[in-house]
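Take a look at the model below. The walk starts at the ligand and then moves to one strand residue.

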Amino acid sequence: MPAIFADYNSTTPIAKPVSQVMLDWSNLVGNMSSAHQFGQSMHAVYDESVDSILRHLGAANWELLSCSSATEANNWLFYSLLETIKGCPRVITTAIEHPAVLVPLCRYHDQGLIDLKICPVDQDGFILIDEFESMLTPDTVLVSVMLANNEVGTIQPLKTVANMAAKVGAIVHSDIVQAAGKLKVDLNDLGVDAVSISGHKCYAPTGIGALLVKDSSKLRPMILGGSQQQMLRAGTVNVFGLACLSVGLDYCYQYIDAHVDVYDWAMQIQSDINDCVVISIPKSTQYLWNTVNIAFPGKDAHSLMMRLDMRGIAVSTGSACSTGAIEPSSVVQAMGYSPEISASAIRFSFGYPTTIGDLKQLIDVLKDFDAC
Ligand code: PLP
């Protein structure tokens, strides 16, 4: 039975160099807040890891605040800027954001604290830039637009968005969770003010995320206690996680141009599988190299996912809702596809360890399914 992991956008395996960091860690001890040599050695590991992460993302002069996940990083920024805001100012986001952006922003909207506008996307999954421009008002305080989409892999025109938002003085945040490590990122060039990243999407473990900001003066603590991280997030800093994240990013950027050709594979599915509908394939540099989203009309995506699972293949569908039922992908629906097509859409997402052999086996199984 083939065991093929085609769900790298949900999480990634631990890369070998990251495993080495983990093994070597058993020789280290020290709390980076301690004044003794053990603590200071740990502080040096922290400094090196933070510098390296910032350098990888073209953000050498930025500040990195560590936390547990990208979900926390997003919530923390929104909490800082919006929890006590007055005058119901405007905030703009997009219809294809991850729930880690949409859910907290909708909550502030429902509480009457902000006037949230959700910018639609076109049929290919790109923000409608004219609509976005028309939503920008002089009282817009925050714009949150992801760099790369987790379900369809579209890379948003973030530099254009940031330029437009800067004209009204809005803070620009981007959830770059899916872009970091899959795409060369230069935050200074993009012109954004804050981004969120996550370790387990970059071949490092879960439990480490970070909020990167140009200027931390607007941040407020959401978690209270000790005085770590300039009193902005209490709790002993997860230096281990940061060291893993930094080496995970080293690994990604080492292999960034050395991955399987997913586009040709997706084209082959299109020609080999009857009646499938290509929602998104990496056909240009406006798409992540690793993400393919294909609908199989007449088939239920969840059942298809479970059948693939029986053959040892992991893929993903729309997200599970709070009742545990599977809902059609909201991203695919936001692109204008019918609920029926959206409910038959499967996301295949690949990683640096994916081989041509994996892709071939996967297509053979899909052809088998198609034949019966
Ligand atoms: N943002 C995007 C675009 C994601 O794909 C994910 C995870 O799938 C998250 C945020 C949440 O990241 P974390 O698991 O670190 O909270």
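**The ligand and its surroundings**

A polar side-chain atom of Asp175 sits 2.6 Å from a nitrogen atom of the ligand. Keep in mind that this is a predicted model. Ser198 also takes part: one of its polar side-chain atoms lies 2.6 Å from an oxygen atom of the ligand. Ala70 contributes through its backbone, where a polar atom is 2.9 Å from a ligand oxygen. On its own, the ligand exposes 390 Å², and the protein buries 88% of that area.

Which residues surround the ligand? The list runs Ser69, Ala70, Thr71, His98, Met146, Asn150, Asp175, Val177, Gln178, Ser198, His200 and Lys201. Sorted by class, this shell holds three nonpolar, seven polar and two charged residues.

Now turn to Ser196. This residue belongs to strand S7, which spans residues 194-198. Ser198, with its polar side-chain atom 2.6 Å from a ligand oxygen, falls within the range of that strand.

Is Ser196 buried or exposed? Its relative accessible area is 0%. Buried means under 20%, so Ser196 counts as buried.

The side chain of Ser196 has a polar partner. A polar contact of 2.9 Å links it to the side chain of His173. Leaving aside residues up to four places away in sequence, Ser196 touches Ala70, Ala73, Asn74, His173, Ser174, Asp175, Ile176, Val177, Ala210 and Leu211.

Technical notes. Residues numbered from 1 in each chain as written. Predicted model: local features only at pLDDT ≥ 70, side-chain atom pairs only at ≥ 80, totals over all residues. Heavy atoms only, no water. Helix = DSSP H or I, 4+ residues; strand = E, 2+ residues; numbered from the N terminus. Buried < 20%, exposed > 50% of the residue type's maximum accessible area, 1.4 Å probe, protein only. Polar contact = N/O pair within 3.5 Å; in protein donor to acceptor, adjacent residues only side chain to side chain. Contact = heavy atoms within 4.5 Å. Near = heavy atom within 4 Å. Areas by Shrake-Rupley, 256 points an atom, 1.4 Å probe, with all protein chains shown as cover. Nonpolar A, V, L, I, M, F, W, Y, C, P; charged D, E, K, R; others polar.
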